Amino acid sequence: MSQPSKPHRRVIRQVTTGFAAVLVFLALILPDQITRLPPGNHWYTALARIPAEGLIAGAVLLVTPRKWRGWLAAGLGLLLGALTVVKLVDIGFFWVLARRFDPVLDWTLFDDGYHFLGDSIGKAGAAGVAAGVILLAVLLIAGMTWAMTRLTTVAVGHRRLAWSGLGTAAAAWAALFFAGTQLIGGIPVASHAAADLAQDTALALPKDLADKRKFTQEVLDDAYRDRPADQLLTALRGKDVVVSFIESYGRDAVENPAFNGSVLTALADGDQKLAKVGFAARSGFLTSSTAGGGSWLAHSTFLSGMWVNNESRYRSLMATDRLTLTRTFKTAGYRTVGVEPGVIYAWPEGQFYGYDQVYDKAALNYHGPQFSWSPMPDQYALSQFQKFEYSKPGRGPLLAEITLTSSHTPWAPVPTRLDWDQLGDGSVYGPQARTTDPKTVWKDDSKIRTEYARSIAYSVDSLISWATTYGDDNLVMVFLGDHQPASVVVGQNATHDVPITIVAKDPKVFDRIASWGWTSSVKPAPNAPVWPMNTFRDRFLTAFGPEGDPH
């Protein structure tokens, strides 16, 4: 086989050098959030940036002795490749969870992401995506190492030209930096994005450790920790309290006109059904500690009164004896149960929360089909709670925390509510599970939003139907969302707010929370109060304790 001619070899060298330069340049300037790109059709102006890291690395490599230069170039390439992988992971995290990837704490979430893909596009598709992601990461790191080595070789071979170019670019960077010159969308032309990402990644461990120490001290600061049992929840004596989390029930579900129609219908119908049997409702908003996922973080925040927004805080909290809202009821003499259809393995957290009994997937005895991620329809989980606990004759006061999972991603297929006496062991749902293929839904953003809203409407409707069918005069129900859905539904800039509602027949319950200013409906008004989710525990205990007596 003949060798390429000298002109051809020159062209190949120029093309490979150009490719290496583009690869390194893009890795240095692209942000870790798509929303940080200039808006609309101006995204390409992000290329008009000067990365400080490239100028510094170029100068250092040019003055490094020859015997170390190759190793240094390869090391810098390896580092830049790894940072580029982190940057791409950050983009994914911001898209789904509206936050940056924590390289210390977030590895366990990849398993959840894999299972979500399996539910959305099938196991074979999920395996293919996982393999592709791993291959891309390896190629990026190897490619960036090669690119830095290639550019260093070229720069050393044209040292005078390289120094001239670096000097000119450095002068331009300094002038643009001190002038504060920005692209469309407020992006600075004088870039140091890669250095910022490297700093954030390197500091993740010490920051997490410092936060853990701070959080451990905050857990001990609890005004209710040593409160006597006879001074807890005095205004709820004789009541049954049901606290229910509705998966992914976010503020956008009630306020975003692009998809909220079915939710508004369910809420309006719910107001009418509740009023017909003597219930009333008050609603507001809480700001969740998480978005897009991480329901356990929101649950622990709400029930413990602590701001739990990462795995480190969650694990630290589980190792304490913090007084949770559920354990407070137990201390006050209530039977406490958790209805957790999503729990399929051992769940030691049940002891932390203070449950006398946990009904997990196995205990709920469901024999029907799984609806995508959700192990069973919400109505079935509620029917089993009714059967096992609420309908027991002669029982004492009851606190139940019920987690509703039908509105979990990927939001298809959505069950249809049935007559309560039809549910049986759940096998009746067989035909419903085949109505929608989630793989077809996730090919169309508008279908995703429609199915999401339908799933929220189903969960709300099931919960209100249970209350209006079985709830007596002593029922007090609190239901709320755990977090907003993924940004594919609500966009990158959505709030972390979720609706919360209290339902009761006894007007004295609402007298206790009159000062809260909540809306008289299961739909909170746009101007309804917004509280951090971790403040609810203390507000609730105050309102329904001796100090909350309106008289």
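1. Overall make-up. Buried residues account for 48% of the 551 residues in the protein chain; buried means under 20% relative accessible area, exposed over 50%, and partly exposed in between, with a 1.4 Å probe and protein chains only. This is a predicted model, in which local features need pLDDT of at least 70 and side-chain atom pairs count only at pLDDT 80 or more, while totals for chains, interfaces and linings use all residues. Residues are numbered from 1 along each chain as its sequence is written, and side-chain values use heavy atoms, with hydrogens and water left out.

2. Elements and contacts. The protein chain holds 20 helices and ten strands. Helices (H or I, at least four residues) and strands (E, at least two) are DSSP runs, numbered from the N terminus. Take the contacts in the protein chain between residues at least 6 apart in sequence: 75% of them join residues at least 24 apart. Contact means heavy atoms within 4.5 Å.

3. Strand 9. Eight of the eight residues of strand 9 are buried, so the strand is largely enclosed by the rest of the structure. Asp 497, Pro 499, Thr 501 and Val 503 point one way, Val 498, Ile 500, Ile 502 and Ala 504 the other way, and all are buried. In a regular strand, side chains alternate between the two faces of the sheet.

4. Partners of strand 9. Two strands pair if DSSP finds at least two bridges between them. Strand 4 (residues 280-287) runs antiparallel to strand 9 and is joined to it by eight bridges. Strand 8 (residues 475-481) is also antiparallel to strand 9, with five bridges. Leu 480 has Ile 500 as its bridge partner in strand 9.

5. Asp 497. This residue lies in strand 9 (residues 497-504). Asp 497 is buried, at 8% relative accessible area. Asp 497 is the bridge partner of Thr 287, and a polar contact of 2.8 Å also joins their side chains. A polar contact is a pair of N or O atoms within 3.5 Å; within protein, one must be able to donate a hydrogen and the other to accept it, and residues adjacent in sequence count only if both atoms are side-chain atoms. Leaving aside residues up to four places away in sequence, Asp 497 touches Gly 250, Arg 251, Leu 286, Thr 287, Gln 484 and Val 530.

6. Helix 15. Eleven of the 13 residues of helix 15 (residues 378-390) are buried, so this helix is largely enclosed by the rest of the structure. The buried residues include Asp 378, Tyr 380, Phe 385, Glu 389 and Tyr 390. Their cover includes strand 3 (240-246), strand 7 (398-404), helix 17 (445-470) and strand 8.

7. Trp 146. Helix 5 contains Trp 146. Trp 146 counts as partly exposed, at 36% relative accessibility. Trp 146 touches Thr 16, Phe 19 and Ala 20, not counting residues up to four places away in sequence. Trp 146 and Gly 77 are 69 residues apart in sequence, and 7.1 Å apart in space, C-alpha to C-alpha.

8. A helical lining. Which helix gives the most to the lining of the second largest pocket? Helix 2 does, with seven residues. Among the helices that each supply at least two residues of this lining are helix 1 (6-29), helix 2 (52-63) and helix 5 (123-157).
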